Amino acid sequence: MAGVRRNLFGSIYLSGASLGSQVVLVPVFLHFWGAQIYGSWLVLFTIPAFFVFSDAGLSNTVGNAVTLALEQGRPAEAEAKLNAAWKFQAIAWAIIFSVFGLLLAFFPVRRWLGVAELPGSEFVCASLLLCLYSLASLQTGVLSALYRGAHRYPTYLLWSAHARVLETILAMLALATGGRFIAVAGGMLAARMAGAFVLYIKGRKLLPNTRLAFFSGRWSDLTPLLPSGLAFLSFPFANALINQGTVLTVNHLAGAPAVVLLSVCRQLARVFQQGTGIIQTAFQPEMTSAYGAGNKVRVRQLQSLALM
C-alpha cells in the first residue's frame, strides 16, 4: 500500500494548495480591489472552464491507457496514444480559441458576461491570457500519463501543487504592486507554464524510451480513447454548468458583490468534495496498474479499501 500512501499524501497536498489558495486569496483580492472588481474577476475567470470541452476527458483516459499498455508490455502503443491525445487536445483547444477570438472581435462578449464596465483592451488581454492558462492546464493533465505509467504519480501531484502555490504567490504580488486583471492573469499563466515545463522535463526522464513528439499522433490512435473519455468529460461539463453557469447567472441578477459571496460560500462547502476527490486520486492509478498486471485480487482489495 506504499503507492496508495504516497498518492494520498500528494493528493492531500494538491487539494490543500488548491482550496487553500482560493480561501487565502479572498481577503487579499477584497483588500486591494473591493467586492465589485473582484466579482468581475470571478466572472472573467469562468472563461478557462469553457475550454474543458477540448479535453474530451483525455486527461483521465490517456493515463489509464498508457498505464495499461506499459504494464502489458506494449510501449509503442503507450507512446502512440500519449502523442495522439497531446496533439488532438491542442488542436481542439485551438479551434475553440479561434471561435472565442471571433466572438471577442465581433460580438459584445463583455455585455454577455455582465462585465461591460471593464475597459475593452483590459478585458480582451486578460481573456486571452486566461485562454492560454487553460491550454497549459489541459496539456499538464495529459502529461500525468507519463507519471502514472512510470509509477511516479506522487511526483506529478507534488509538482502540480508547487505550481498552484506559485500561482497564489504571483497573484498576491501582482495585487500588492497595484496590478489589475492583466497582471494577475499573466502571473497565473507564468506559474502554470513553469509547472508544465518542469513536469514535461521530469516526465521524459522517467520514461526515456517514450518519445514525446507532438506531430506524430494519429487519429486512429485516439479514437479508442474517445468513448471512455467522453464519459469522463461529463464530470467537468457538469461542474462547468453548475459552477460557472451559476456565477454568470448571479452576476446578471444580483451583481458582482453577490458573486463574491457565492464564491466564498461555495469554497467552504467544497471541503467534503475535496475529500472524496483525494481518495479517488490516491487509488485510481494503483488500481489501473494492478488491473493492467492482471492482479485482480489487488484490484478488489484496493476497491474495498477505497470504499471503506
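## A tour of salt bridges and a helix pair

Start by selecting E77 and R74: these two form a salt bridge, with their closest N and O atoms 2.5 Å apart. This is a predicted model, so keep that in mind as you click along. Colour the pair by accessibility and you will find E77 partly exposed, at 29% relative accessibility. R74 is partly exposed as well, with a relative accessible area of 31%.

**Next stop: E167 and R192.** Show both side chains and you will see them meet in a salt bridge, 2.6 Å from N to O. This pair ties together distant parts of the chain, since E167 sits in helix α7 and R192 in helix α8 (residues 181-206), 25 residues apart. Are these two buried or exposed? E167 counts as buried because its relative accessibility is 4%, and R192 is buried with a relative accessible area of 11%.

**Now go to R298 and E286.** Their side chains meet in a salt bridge too, at 3.4 Å from N to O. Here the link runs between R298 in helix α13 (residues 296-307) and E286 in helix α12, 12 residues apart. R298 counts as partly exposed, at 22% relative accessibility, whereas E286 is buried, with a relative accessible area of 16%.

You will find R148 in helix α6 (residues 120-149). R148 is buried but has no salt bridge; E286 is the nearest side chain of opposite charge, 8.6 Å away. What does R148 touch, beyond its neighbours within four places in sequence? Its contacts are N60, G63, N64, T67, Y153, Q284, P285 and T288.

**Some of those names come back at the next stop.** Select helix α3 (residues 58-71) and helix α12 (residues 271-292), which pack at an angle of about 35° with their axes 8 Å apart. Look along the pair: α3 passes α12 in a right-handed crossing. On the α3 side, the contact is made by N60, N64, T67, L68 and E71, and on the α12 side by Q284, T288, S289, Y291 and G292. Colour these by class and you get two nonpolar, seven polar and one charged residues.

**Last stop: H151.** Look in the loop between α6 and α7 (153-176). Most residues other than glycine have a negative phi. H151, although not a glycine, has a positive phi of about 60°. At 45% relative accessibility, H151 counts as partly exposed.

Notes:
Residues are numbered from 1 along each chain as its sequence is written. This is a predicted model: local features need pLDDT of at least 70, side-chain atom pairs count only at pLDDT 80 or more; totals for chains, interfaces and linings use all residues. Side-chain values use heavy atoms; hydrogens and water are left out. Axes are lines fitted to C-alpha atoms, for helices over the stretch in contact, and angles run from 0 to 180 degrees between N-to-C directions. Helices (H or I, at least four residues) and strands (E, at least two) are DSSP runs, numbered from the N terminus. A crossing is left-handed if the near helix is turned anticlockwise from the far one by less than a right angle, and right-handed if clockwise. Contact means heavy atoms within 4.5 Å. Ala, Val, Leu, Ile, Met, Phe, Trp, Tyr, Cys and Pro count as nonpolar, Asp, Glu, Lys and Arg as charged, and the others, Gly among them, as polar. Buried means under 20% relative accessible area, exposed over 50%, partly exposed in between (1.4 Å probe, protein chains only). Lys and Arg count as positive and Asp and Glu as negative; His and the chain ends are not counted. A salt bridge is a side-chain nitrogen of Lys or Arg within 4 Å of a carboxyl oxygen of Asp or Glu.
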